Amino acid sequence: MSTTEPQDPLLGAADIRELAAALNVRPTKQRGQNFVIDANTVRRIVRTAEVTGDDNVVEVGPGLGSLTLALLDAARHVTAVEIDDVLASALPATIAARLPAKKDAFDLVNIDAMQVTELPGPPPTALVANLPYNVAVPVLLHMLDTFPTIERTLVMVQAEVADRLAARPGNKVYGVPSVKANWYADVKRAGSIGRNVFWPAPNVDSGLVSLVRRTEPVATTATKAEVFAVVDAAFAQRRKTLRAALATWAGSAQAAEEALVAAGVSPQARGEALTVEEFARIAEAKQQ
């Protein structure tokens, strides 16, 4: 008597296309949708994110549920945030059909991730997501800011965005996303993802970015808003020296120079050379 192999709960390419056809769904460019159709890729993401049975994971943009199922298989609880009404309405049934034992460990919020201020279920300990290309950075920063219990994050984003997020001072792609992500976390590249694991295949490669929340926040008396205002001003005219780039922010070039000198930063430096701690010192110097 033969025993039947247990069905793999994860979605393959055929499953994804079948689900999409049943829902009459086509991935839209407007929402930056590219569905992952390779089960090994989602397994790799969950493994790289180091998700364990103690984790309460929040996922943004679950789509048809390929990554959601892999996360739910490994985590204690998963809350998915999905803006698309059709995709959101179908997700609970997919979970119930493919991973019935975990259906009560799943919550769904049908809302734009940029408007999320609270989540059902236990406070999230991890954020794992295939972020829509067009809103990846603002969504990432919003989630890290709104949910301080998120200790670890692993996001799949466009390779160019991954490079920017993980860039260090002095790197030519170091900029606003790099500094702001660093305010919250230690950031590094965590791998590359090819185009053929998506449907539709995007025109660009993707990258994984790991963010581990700082155990100690940036030591500063300035607020996050004050520090981010300096960062935005410095990179709005990134070719200029900080003395010139921060003139409007400080009130004049002379005032900018005084704040920079007080912060121990050369007025001739450029924003791309500074750490988040140095931006914080400049924000502090203006307060005095």
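Guide: Start with the term "axis": a helix axis here is a line fitted to C-alpha atoms over the stretch in contact, and angles run from 0 to 180 degrees between N-to-C directions. Two packed helices are described by the angle between their axes and the distance between the axes. Keep in mind that this is a predicted model.

Now take helix H2, residues 39-48, and helix H3, residues 66-74. Their axes come within 9 Å and cross at roughly 45°. That makes H2 oblique to H3. The crossing of H2 past H3 is right-handed.

Which residues of H2 and H3 meet? From H2 come Val42, Ile45 and Val46. From H3 come Ser66, Leu67, Ala70, Leu71 and Ala74. Sort this contact by class: seven residues are nonpolar, one is polar and none is charged.

Move on past H2. Glu50 lies in the loop between H2 and S2. Glu50 is not a glycine, yet its phi is positive, about 55°. Is Glu50 buried or exposed? It is exposed, with a relative accessible area of 55%. Asn24 also has a positive phi of about 55° and is not a glycine. Asn24 belongs to the loop between helix H1 (13-23) and strand S1 (35-36). Its relative accessible area is 72%, and Asn24 is exposed.

H5 spans residues 136-146, and eight of its 11 residues are buried. Among them are Val139, Leu140, Leu141 and Met143.

Step back to the cores. The largest nonpolar core has 61 residues. Phe279 is one of those with the most contacts inside it, along with residues such as Leu211 and Ile282. Beyond its neighbours within four places in sequence, Phe279 touches Val179, Val227, Val230, Val231, Ala234, Phe235, Gly271 and Leu274. Another core, of 40 residues, lies apart from that one and includes Phe35, Ala75, Phe198 and Leu208.

One more local detail: Trp199 and Pro200 are joined by a cis peptide bond, with omega about -10°. Pro200 sits in the loop between strand S8 (198-199) and S9.

Finally, the whole chain. It holds 12 helices and nine strands. Of its 288 residues, 52% count as buried. Its C-alpha atoms fill a box of roughly 85 × 35 × 30 Å along the principal axes.

Methods
Residues numbered from 1 in each chain as written. Predicted model: local features only at pLDDT ≥ 70, side-chain atom pairs only at ≥ 80, totals over all residues. Heavy atoms only, no water. Buried < 20%, exposed > 50% of the residue type's maximum accessible area, 1.4 Å probe, protein only. Helix = DSSP H or I, 4+ residues; strand = E, 2+ residues; numbered from the N terminus. Parallel < 35°, antiparallel > 145°, perpendicular 65-115°, else oblique. Left-handed = near helix turned anticlockwise from the far one by under 90°. Contact = heavy atoms within 4.5 Å. Nonpolar A, V, L, I, M, F, W, Y, C, P; charged D, E, K, R; others polar. Core = buried A, V, L, I, M, F, W, Y, C linked by side-chain atoms within 4.5 Å.
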